[in-house]
Amino acid sequence: MTGTAPVPFTADDYAARMERAARQAADAGLAGLLVAPGPDMVWLTGYTPPADTERLTVLVLAPGRPPELVVPALEAPDAGRATGAPALTLRDWTDGKDPYALTAALLDARGRFGVSDNAWALHLLALQRTLPDTSYVSLTEALPMLRAVKDAAELERLAAAGAAADAAFEEIKQVRFSGRLESEVAADLAGLLRRFGHSQVDFTIVASGPNGANPHHEAGDRRIERGDMVVLDFGGLKDGYGSDTSRTVHVGEPADEERRVHDLVREAQEAGFRAVRPGAACQDVDRAARAVISDAGYGEYFIHRTGHGIGVTTHEPPYMIEGEEQPLVPGMCFSVEPGVYLPGRFGVRIEDIVTVTEDGGRRLNDTERELVIVD
C-alpha cells in the first residue's frame, strides 16, 4: 500500500514561498536570506542539489528583488528543471571562477543576512572575506516559523505520512517480539514504513526493558524477553513530508506499576493534546502534559521537551517546551510525546503528530493508545 499520489506543488506555490520568505526577512530587519542546499532550498524551490558537492550553491532572497540561484554551471541544467525554476534567475559559474564574487554582487555589502543552519562554514567564511562588513544569523534564530505553518497540500502529505506510520504499527504489533533482537524488530519496522510508501526511514527506535529508559536508544543486540516493556518510535519521509509516532507495547502481561505508568503517560499525552488551540503558547502544551506526570510523582523522569515541529524534516520548529511563548497558529504541525523513563527498569512514551485547527487540534496518528500486549 502506497496510497494515491499527492497533488504536486506548482511553480506558483514555490514562487509564493520565496516571496513570503523575503517578506519575513524584511520584517525581521534582514537584508535578505542565503539558503544553502538542504530542506530550506527544497521547500522554497523544489530543487535538490547534490548533497555532497563542495561547489557553492546558494539561493539569494532579498526584499524587492527577484530570487536568484547561484549554481555551478555543470548543475545548472538540473536546477533549471526544478518546479520552482520559473520564478528564479539562475547565476551559474564555472570551475576556475570566483563564485563568492558572483554572490557578493547580489548582496548589500553592509547587510545582515539570515543563513541556512546547514550552510558550509567554508562558504560562509569566504563570503565574509569578500564582504567584510556583512553579518549573518541562522535561519532558525532569525525566522524560526518560516516553514511552520503548513498549507492544505502540505497538511495532506503530513496526514498521509501519519497514516502510513499507523499502518506500520498495526502490522508490527502482530509480529513476534519475545526472543528476537531489538535490531530485528527495527528492521521489520523500517521495511513496513517503506512498504507503506516512505522513501526515507529516519529512525526506528526499539527500546526494550531497561533500554526503554533511554529516549534515544538505538536498537541493538539485546534480546527481547517476556515481561519487557518496549518503546517503539519510528518515522521518516513520505512524498517529502515527515512521520513520527511512538507507542509502547508489553511482551506478555504487564506488572501493576508498568500498567500504571503507561496509563499516566497516556493521560499526559491526552492533556497535551487538549491544550492545543490557536493562540495558546507552545509552552502551554508542555505544561499541560508535564503537570500530569509531575502531579503523580514522576516529574523527574520526564526528561525531554513535549514536542517538536515536523514538515519536510522530522524535527523542526516550533518546539513544545517551557519558555517558548510562540503562539500556536492553524496549520502548525508538531508532536505531542510525553514520556516517563525509569533508569535500569523501563520507559514509556506515547506520541502523535498534531496539527492546529481553527478551534483546537487534530491528531494525524490514530492507532490505539492503550497498552498493547504482544507476544
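Start your tour by selecting Cys333: at 0% relative accessibility, this residue counts as buried (under 20% relative accessible area; over 50% is exposed, and in between is partly exposed, with a 1.4 Å probe and protein chains only). Before you move on, note that this is a predicted model, in which local features need pLDDT of at least 70, side-chain atom pairs count only at pLDDT 80 or more, and totals for chains, interfaces and linings use all residues. Residues are numbered from 1 along each chain as its sequence is written, and side-chain values use heavy atoms, with hydrogens and water left out.

**Stop 1: two cysteines**

A disulfide is a covalent bond between the sulfur atoms of two cysteines. The search counts a disulfide when a pair of cysteine sulfur atoms lies within 2.5 Å, and over the whole structure it finds 0 of them.

**Stop 2**

Now switch to a cartoon view. Helices (H or I, at least four residues) and strands (E, at least two) are DSSP runs, numbered from the N terminus. Look for 6 strands that form an open sheet with mixed pairing, in the order β4-β3-β2-β1-β5-β6. Which strands stand at the edges? They are β4 (89-93) and β6 (135-138); each has a single partner strand, so one side of each is left without a neighbour in the sheet. Neighbouring strands here are turned by 25° against each other on average, direction ignored (the axes are lines fitted to C-alpha atoms).

Strands of a sheet pair through backbone hydrogen bonds, either parallel or antiparallel. Two strands count as paired if DSSP finds at least two bridges between them. Select residues 112-115, strand β5, which pairs with β6 in the parallel sense over 4 bridges. Within this pair, Val115 stands opposite Ser138 in β6.

**Stop 3: rings around Phe9**

Next, show the side chains of Phe9, Tyr14 and Tyr241, which form one aromatic cluster. Rings of Phe, Tyr and Trp (its six-membered ring) pair if their centres lie within 6.5 Å; planes under 30 degrees apart are stacked, over 60 edge-to-face, and the rest tilted. The whole structure holds 4 aromatic pairs. In one of them, the ring centres of Phe9 and Tyr14 are 6.2 Å apart with the planes at 75°, so the pair is edge-to-face. Phe9 is buried at 11% relative accessible area, and Tyr14 is buried at 8%. Phe9 also pairs with Tyr241: the centres are 6.1 Å apart and the planes at 55°, so this pair is tilted. The link joins distant parts of the chain, since Phe9 is in the segment before α1 (11-27) and Tyr241 is in strand β9 (residues 241-242), 232 residues apart.

A charge sits over a ring if NZ of Lys or CZ of Arg is within 6 Å of the ring centre and within 35 degrees of the ring normal. Elsewhere, find Arg363, whose charged end sits over the ring of Phe273, 4.1 Å from its centre.

**Stop 4: a hairpin**

Finish at β14 (residues 339-342), which pairs with β15 (residues 346-349) in the antiparallel sense over 4 bridges. Tyr341 has Gly347 in β15 as its bridge partner. From β14, Gly339 and Tyr341 point one way and Val340 and Leu342 the other way, and all are buried. This hairpin has 3 residues between the strands, and Gly344 takes a positive phi near 75°.

Key:
Axes fitted to C-alpha atoms, helices over the stretch in contact; angles between N-to-C directions.
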